[in-house]
Amino acid sequence: MNAEIDISNVILRTERMTLRPWRETDLDDFYEYASVDGVGQMAGWKPHADKNESGEILKRFIEHRKIFALEYQGKVIGSLGIKKYHEERYPEFEEKKCREISYVLSKDYWGRGLMPEAVREVIRYLFREVGLDVIFCGHFLRNGRSARVQEKCGFRHYAYCQFETKMGTVEEDEVNILTKEEWEAISHSVSHDDSLCGMLCDAHGRDVCRLLLFDLDGTLLRNDKTISPAVLKAVRDCREKGVLIGVATSRGEQNALSFIEELEPDVLIASGGAVVKYQDRYVYKAEFSGEETRRMIGLARQVCGPDCEITIDTMDSHYWNYKVDPKKQDHSWGDSIYSDFTDFEMPSLKMCVEIFGEAQAERLSGLLPECDCVRFSDGYWYKFTKKAATKERAILEVCSACGIRTEEITAFGDDYADMGMLALCGRGIAMGNAVEAVKEKADLVIGSNEEDGIAEYLRGKI
């Protein structure tokens, strides 16, 4: 059911903004951003034609007493409304106290992390002070920016529907929800301790980054599997400023040792999120038992053929059954071990399988519902880890271990397995060589791994 809301006497403050009721004196600021092409269309309304139109809508904002003005440095730059959700469409929530939020931000302030900051504070207010059980939030499927805001604030997919706009059009809409229990779990995981690490300022002088988190292959590493001197220096300069350095890779820990030793990371997320290490201490593991590992290998061979190529990560080693010894082709394979996987029953963190057909991949994934399955873009390989063992889940474990918030992390990636990570972190950065789906998820696209894109980006922040 829709809970009663009245924000006429409510003022909320974040680090950079004040969220308050609208005033008649806000008219100029309101018209300034609401008249810009490309702003209102993403929320289903046309740009305001003149101040008279803005004035009429502003009066309704004030009368409704359910819409915050977003004030930044003395200027109103957007709105955040708490509106009714569709009770008739979602009767399963009739015993819950619910509301839906929606928001608009001036185009001049996109890409600064302001909207996630405002949404998080309103979420806190609605759960803690109003006592809601569930918050709805939606976005047009074509609105990638709004999708990223909601992902970063903890919302999850619930439904798809059609949305009739005030422009007379119909948009495909994704409906997301966040429950109070989910929010409390996230809030607990990202508890904050300012004493543990330093900061990295962005171009506007804001303290926004306390951890730099890098994927390895295609991101931190060049195509020859080395870190360029320019990138290594830029990363080390950031460490000297007090910023934590982390690696989040699908490689197993042992398989990545040669890169980890050179970089000396404070944080290691390995095997696609199945193991997390902070300052030489394991803080999270998601292992399959020996029996589960044997079953997974058996199903892979059943679906993909008895000669399919497989790799297995354990806590201590990386095993493979390739027809050609990978160590003869690429020194970065380190101390990987050959196995024909007959009666292989060791506890494992991750299985990768070479699968040439999508139908086969879908069939194997269906037989392993307890697994998270992601394809790598540079071939026909698919990784299987525990369902909860993703890079984004691992990041929450890192936050809990070292006392930082997800919005204080800048993450870099290039492949499908990095998409959740880039969406979760405060700033998600895609490499110029990244697959298009990753670029669409990112807040920023920089130069490629062969062009020292990371070094160029970090030089402007140090």
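A salt bridge here pairs a side-chain nitrogen of Lys or Arg with a carboxyl oxygen of Asp or Glu within 4 Å. With that in hand, welcome to some close-ups of this predicted model.

**View 1. D215 and K391 form a salt bridge.** The closest N and O atoms of this pair are 3.3 Å apart. D215 sits in the loop between β11 (211-214) and α6 (216-220), while K391 belongs to helix α12, so the bridge links parts of the chain 176 residues apart. Both D215 and K391 are buried.

**View 2. D443 and R148 meet in a salt bridge.** Their closest N and O atoms are 3.6 Å apart. D443 lies in the loop between α14 (436-441) and β24 (444-445) and R148 in helix α4, so the pair ties together parts that are 295 residues apart in sequence. R148 is buried, at 9% relative accessible area, whereas D443 is partly exposed, at 28%. Helix α4 (residues 144-152) also holds A147, which is buried at 13%.

**View 3. E407 and R405 belong to a network of salt bridges.** The network also takes in R120, R210 and E408. Between E407 and R405 the N to O distance is 3.9 Å. E407 is partly exposed, at 26% relative accessible area, and R405 is partly exposed at 26%.

Notes: Residues are numbered from 1 along each chain as its sequence is written. This is a predicted model: local features need pLDDT of at least 70, side-chain atom pairs count only at pLDDT 80 or more; totals for chains, interfaces and linings use all residues. Side-chain values use heavy atoms; hydrogens and water are left out. Helices (H or I, at least four residues) and strands (E, at least two) are DSSP runs, numbered from the N terminus. Buried means under 20% relative accessible area, exposed over 50%, partly exposed in between (1.4 Å probe, protein chains only).
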